[in-house]
Amino acid sequence: PTTTQAGRAKPNILVTGTPGTGKTTTSSLLAEATQLRHINVGDLVKEKGLHDGWDEELQCHILNEDLVCDELEDMMEEGGNIVDYHGCDFFPERWFDCVVVLQTDNSILYDRLSSRGYTGSKLTNNIECEIFQVLLEEAKASYREDIVMALQSDSLDDISRNLSTLTGWVNNWILDRSS
Ligand code: ADP
Ligand code: MN
């Protein structure tokens, strides 16, 4: 039999958003605070070769969605994961208890991506992605709206507030299910 959502003792959280919105920063701090496991999907794809080569135009790996999902399945079934990725529509819906969409003001994001070395269409594509709220729409289309949480990530104060919101959410989730 397949394990249901209720079967895991710790929640799975997806942290998504346009590149540069703070997914990796937020996820690693949240993992420290909660003892959940941070899975950086981009790094995993590189390490384990879960791709179909390199996209010259977009300057990124062509992620193989089936290989990524196969790689993650056992850990996700076990629970207690923070999955960090700039896409969210190809993971099984049953994996996640909470889907966090980080959002950043355009001009702040522009500066962050420029200082990361993004230029030209790679820079403008990502800024447009944020302006049109592509990841928020993708999350709402792929998961129940009541588990989708949009959080602002412009400043260090935002990071602190988001961390305490999410740490509280995790602790409540675990408490609710341990009684
Ligand atoms: P992502 O994983 O979404 O691409 P990162 O976590 O790598 O984003 O953050 C990109 C850059 O922006 C890093 O230099 C990080 O320190 C900075 N950053 C991210 N979120 C914030 C924030 N809320 N306030 C200030 N700086 C931030
Ligand atoms: Mn990242």
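This is a predicted model: local features need pLDDT of at least 70, side-chain atom pairs count only at pLDDT 80 or more; totals for chains, interfaces and linings use all residues.
I'll start with helix 5. It covers residues 120–131, twelve in number. From its first C-alpha to its last it reaches 17 Å, close to the 16 Å expected at 1.5 Å a residue.

Which residues of helix 5 are buried? They are Leu123, Asn126, Ile127, Cys129 and Glu130. Looking down the axis of helix 5, the buried residues fall within an arc of 155°, so they line one face of the helix. As for partners, the buried residues of helix 5 pack against strand 6 (98–103), helix 4 (106–115) and helix 6 (134–142).

Next, the backbone. Most residues other than glycine have a negative phi. Just after helix 5, Gln133 has a positive phi of about 50°. Gln133 sits in the loop between helix 5 and helix 6, and counts as partly exposed at 34% relative accessibility.

Gln35 also has a positive phi, about 65°, although it is not a glycine. Gln35 is in the loop between helix 1 (23–34) and strand 2 (37–40). Is Gln35 buried or exposed? Gln35 is exposed, with a relative accessible area of 62%.

Last, Thr16, which lies in strand 1, residues 13–16. Thr16 is buried, and its relative accessible area is 0%. Leaving out residues up to four places away in sequence, Thr16 touches several residues, including Lys23, Tyr85, His86, Cys88, Val100 and Leu135.

Terms used:
Residues are numbered from 1 along each chain as its sequence is written. Chains are lettered from A and ligands numbered from 1 in the order in which they are written. Side-chain values use heavy atoms; hydrogens and water are left out. Helices (H or I, at least four residues) and strands (E, at least two) are DSSP runs, numbered from the N terminus. The expected span of a helix is 1.5 Å times one less than its number of residues. Buried means under 20% relative accessible area, exposed over 50%, partly exposed in between (1.4 Å probe, protein chains only). The arc is that of the directions from the helix axis to the C-beta atoms. Contact means heavy atoms within 4.5 Å.
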